[in-house]
Number of protein chains: 2
Amino acid sequence: MSERYFEDLKPGDRFKSGTYEVSEEQIISFARKFDPQPFHLDAAVARQTMFKELIASGWHTAAITMRLFVQTLNFAEGAIGLGVDELRWLNAFKPGDVLQVETEIADLRLSRSKPAHGIVRFRKVTTNQRGEIVQTMTASALVLRRRE
Amino acid sequence: MSERYFEDLKPGDRFKSGTYEVSEEQIISFARKFDPQPFHLDAAVARQTMFKELIASGWHTAAITMRLFVQTLNFAEGAIGLGVDELRWLNAFKPGDVLQVETEIADLRLSRSKPAHGIVRFRKVTTNQRGEIVQTMTASALVLRRRE
């Protein structure tokens, strides 16, 4: 797949990622390392909570979203994350769910401090196999410009 | 350590976490799974980039921040993440760096839809062993109220 540069994007462009299925084992393994809370760690305990079953950490969803984004956009030398706003977890993400990310180009501008780069603002929507929205965010990143 | 409830917090309260040191191997392992970009994957390749050395994924920083937060605040039945704003990565996080999180209670209110819970807004600042700010964010979560 060819590498993408800043000049290859325009506002309103949309990119649909591949898919990513997550097992109960992966959800528990992520939670043990990074988000050791009862509803992420143990299906039996999770049944006693408001979720009624095991759910993945929101940070696991965010990390999988990054993977799907990186593979889809494939920026030359990578996209350097600057920040994220309006990150929202709207529906629980459970074992066996299959995630997919749609990325829309919200805004493009040149970087004042890094002339080789542009700044891209992305709107990312992560859905499950039933089309329910699991997560939304707006993210900004430095992306390489084409050399003259 | 005793469990914390909504009523145990007041605006302006601050909590300092323990520390978390990350190896080159852990940075590469996280990046292979979730953020496979050249400057996160391979120290030799990273030397050719603007960072001059291997750096961790911002999502790895965010995940470690969650772990340090969860262990420090220790909410009864956990804190249910609703969303995050103003997530910013201000300095690179490199192999051997030691992270620590300071959490400030920004705002507290009762939940209208979930009477057993309150909504807490946290301001979290993640620093390294040199006191440099690696990441900042504002996060909202549902936290259990004490039963009468």
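Predicted model: local features only at pLDDT ≥ 70, side-chain atom pairs only at ≥ 80, totals over all residues.
Conventions: residues are numbered from 1 along each chain as its sequence is written, and chains are lettered from A in the order in which they are written. Local features need pLDDT of at least 70, side-chain atom pairs count only at pLDDT 80 or more, totals for chains, interfaces and linings use all residues, and side-chain values use heavy atoms, with hydrogens and water left out.

Now the interface. In contact, meaning heavy atoms within 4.5 Å, are 37 residues of chain A and 37 residues of chain B. Interface residues of chain A are 100% shared with chain B, so the copies meet through the same surface. The two chains bury about 3200 Å² between them, 65% of it on carbon and sulfur atoms; this is accessible area (1.4 Å probe) lost on being put together, summed over both. F34(A), M50(A) and W59(A) supply 21% of the area that chain A buries against chain B, more than any other three residues.

On charges, the rule finds two salt bridges across the interface, each a side-chain nitrogen of Lys or Arg within 4 Å of a carboxyl oxygen of Asp or Glu. R88(A) and D85(B) meet in a salt bridge at 2.8 Å, N to O.

Finally, W59(B) touches W59(A), and its other contacts include M66(A), L87(A) and F30(B), not counting residues up to four places away in sequence.
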